[in-house]
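Trainee: I am new to this structure. Please look closely at one aspect of it, the side chains and how they are placed and paired.

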Amino acid sequence: MSKTRNAVPVADRARPIDRQKAREIQAFGRVVHMPIALSETAARQSVENLNQVLADTVTLRDLYKKHHWQLAGPTFYQLHLLFDKHYEEQNELVDAIAERIQMLGGISLAMAADVAETTIVPRPPKGREEVPVQISRLLHAHEILLEEARSMARQATESGDDGTNDLLVSDIIRTNEKQVWFLAQHLVDVPLVKAD
Ligand SMILES: [Fe+2]
């Protein structure tokens with residue numbers, strides 16, 4: 001007969017209790033009150049806005065990786081590296097935005113299917129495209145993000161959510177503006193070898 005502790009056979013105590021299921025502890029869309037001296041209305045508005053920025057940032061991030069992989073042509077090496085650098089920077093923004101949503105008592109979007117349902121960045125084709133088209137697509141996505149981030153930053157200030165305003169301005173807007181600069185210069189038609 002095996003020894004038991006609290007009626008569980010000793011041999012069974014090391015068995016992982018997997019395949020557990022239970023109800024969610026917070027439904028998506030619900031914002032729980034956090035003790036951060038912000039009104040529930042302000043927190044709810046910021047959570048909703050940040051989830052939109054999150055979906056669009058995840059999409060832009062993934063667009064960079066698509067173009068990093070599918071690149072072709074004489075600028076392959078420099079753009080392969082640049083696209084990956086921007087991907088990493090957008091990836092850091094994704095984490096900062098998602099964590100801000102949780103700090104505010106909300107639930108951040110996480111999975112690809114949910115991101116796809118929410119983003120307003122146009123879906124690219126699955127196939128490969130020429131460099132000027134890839135860059136134009138990225139610039140358009142950046143501009144969508146910048147436009148919404150600026151308007152959401154103003155809303156955050158008006159509702160007293162300075163932390164969200166700071167994330168939008170100091171991190172999201174500044175990073176996107178800088179990346180636009182680096183990309184846009186690749187679409188300036190200057191001679192490579194012989195001056196005009
Ligand atoms: Fe890579």
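Mentor: What follows goes through the helices and loops in turn, with their contacts and surface patches. The model is predicted, so to speak of a local feature a pLDDT of at least 70 is needed and side-chain atom pairs count only at pLDDT 80 or more, while totals for chains, interfaces and linings use all residues. Residues are numbered from 1 along each chain as its sequence is written, and side-chain values use heavy atoms, with hydrogens and water left out.

Begin with the loop that runs between strand 2 (8-9) and helix 1 (40-70), where Met34 is placed. Helices (H or I, at least four residues) and strands (E, at least two) are DSSP runs, numbered from the N terminus. Arg19 also lies in the loop between strand 2 and helix 1. The phi angle of Arg19 is near 55 degrees, which is positive in a residue other than glycine. Arg19 is exposed, having a relative accessible area of 80%. The terms are set by cut-offs: buried is under 20% relative accessible area, exposed is over 50%, and partly exposed is in between (1.4 Å probe, protein chains only). Ala37 is a further residue of the loop between strand 2 and helix 1. Ala37 is not a glycine, yet has a positive phi of about 55 degrees. With 83% relative accessibility, Ala37 counts as exposed.

Met34 itself is partly exposed, at a relative accessible area of 30%. Together with Val32 and Ile36, Met34 makes a nonpolar surface patch of about 210 Å². A patch takes residues with over 30% relative accessible area and no salt bridge, joining like charges within 9 Å and nonpolar side chains (Val, Leu, Ile, Met, Phe, Trp, Tyr) within 5 Å. The areas come from the Shrake-Rupley method with a 1.4 Å probe, and for residues only the protein chains shown count as cover.

Glu88 belongs to helix 2 (residues 76-103). A relative accessible area of 42% makes Glu88 partly exposed.

The structure holds six salt bridges, each a side-chain nitrogen of Lys or Arg within 4 Å of a carboxyl oxygen of Asp or Glu. One of them is in helix 2, where Lys85 and Glu89 are four residues apart and therefore separated by about one helical turn. Their side chains meet at 2.8 Å, N to O. Lys85 is partly exposed, with a relative accessible area of 46%, and Glu89 counts as partly exposed at 27% relative accessibility.

Another salt bridge joins the side chains of Asp62 and Arg61 at 2.9 Å, N to O. Asp62 counts as partly exposed, with 36% relative accessibility, whereas Arg61 counts as buried at 16%.

A further salt bridge is formed by Arg150 and Glu177, whose closest N and O atoms are 2.8 Å apart. This pair links distant parts of the chain, since Arg150 is in helix 4 (residues 131-158) and Glu177 is in helix 5, 27 residues away. Arg150 is partly exposed, with a relative accessible area of 36%. Glu177 is also partly exposed, and its relative accessible area is 36%.

Helix 5 (residues 162-184) holds Gln179 as well. Gln179 counts as buried, with 1% relative accessibility. The side chain of Gln179 is joined to that of Gln90 by a polar contact of 2.8 Å. A polar contact is a pair of N or O atoms within 3.5 Å; within protein, one must be able to donate a hydrogen and the other to accept it, and residues adjacent in sequence count only if both atoms are side-chain atoms.

Asp161 is placed in the loop between helix 4 and helix 5. Asp161 is buried, at a relative accessible area of 1%. Its side chain makes a polar contact with the side chain of Ser46 at 2.6 Å and another with the side chain of Thr164, also at 2.6 Å.

Glu158 is exposed, with a relative accessible area of 69%. From C-alpha to C-alpha, Glu158 and Ala42 are 9.1 Å apart in space, while 116 residues separate them in sequence.
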